[in-house]
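Please look over the model shown here before reading on. The points below go through its fold, its contacts and its pocket.

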Amino acid sequence: FPNARNRKLKQFKDFHKTAVVFLPSQENLKEWRQRQWEQTGQRVPDKTVAQMQAAFTLPEIGDEAGFDEVIYAFGNRPEE
């Protein structure tokens with residue numbers, strides 16, 4: 001949802017904006033979702049997770065993109 005992200009970030013134009021990106025492996029995501037189910041009894045449907053993954057766009061640096069810095073947690077920056 002890059003348009004929504006940009007629109008929201010414009011409110012903070014005078015601030016330094018840093019995005020921290022966590023890209024879990026499919027195995028980690030599966031473990032986290034199982035733990036959520038065990039701890040809360042709640043589960044996000046697979047279809048919903050797939051839709052969110054399909055709609056996700058990586059944050060970018062620059063005036064148009066809105067961020068001043070992008071940090072990839074665990075050094076897991078995806079291949080360009």
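**Notes on the predicted model**

1. Of the chain's 80 residues, 19% count as buried. Buried means under 20% relative accessible area, exposed means over 50%, and partly exposed lies in between (1.4 Å probe, protein chains only).

2. Some ground rules. This is a predicted model, where local features need pLDDT of at least 70, side-chain atom pairs count only at pLDDT 80 or more, and totals for chains, interfaces and linings use all residues. Residues are numbered from 1 along each chain as its sequence is written, and side-chain values use heavy atoms, with hydrogens and water left out.

3. Confidence comes next. The pLDDT is the predictor's confidence in each residue, from 0 to 100. The chain averages 86, and 89% of the residues score at least 70. Helix α1 (residues 2-9) has the lowest confidence, with a mean of 81. Strand β1 (residues 18-21) has the highest, at 92.

4. The chain has three helices and two strands. Along the sequence, the pattern is α-β-α-α-β. Helices (H or I, at least four residues) and strands (E, at least two) are DSSP runs, numbered from the N terminus.

5. Strand β1 contains T18. T18 is partly exposed, because its relative accessibility is 34%. The C-alpha atoms of T18 and V70 are separated by 5.7 Å, although the two are 52 residues apart along the chain.

6. How many aromatic pairs does a search of the whole structure find? It finds one. The ring centres of F12 and F15 are 5.9 Å apart and the planes are at 75°, so the pair is edge-to-face. Rings of Phe, Tyr and Trp (its six-membered ring) pair if their centres lie within 6.5 Å; planes under 30 degrees apart are stacked, over 60 edge-to-face, and the rest tilted. F12 is partly exposed, at 40% relative accessible area. F15 is exposed, at 54%.

7. R43 lies over the face of W37, at 4.6 Å from the ring centre. The test asks for NZ of Lys or CZ of Arg within 6 Å of the ring centre and within 35 degrees of the ring normal.

8. The largest pocket has a volume of about 420 Å³. Of its 16 lining residues, the closest to its centre are F22, P24, M52, Q53 and F56. A pocket is an open set of points on a 1 Å grid where a 1.4 Å probe fits, with protein on both sides within 12 Å along at least five of seven lines; lining residues have an atom within 4 Å of a point. Helices α2 (26-40) and α3 (46-55) each supply at least two lining residues.

Key
Points joined across faces, edges and corners; volume = space filled by probe spheres on them.
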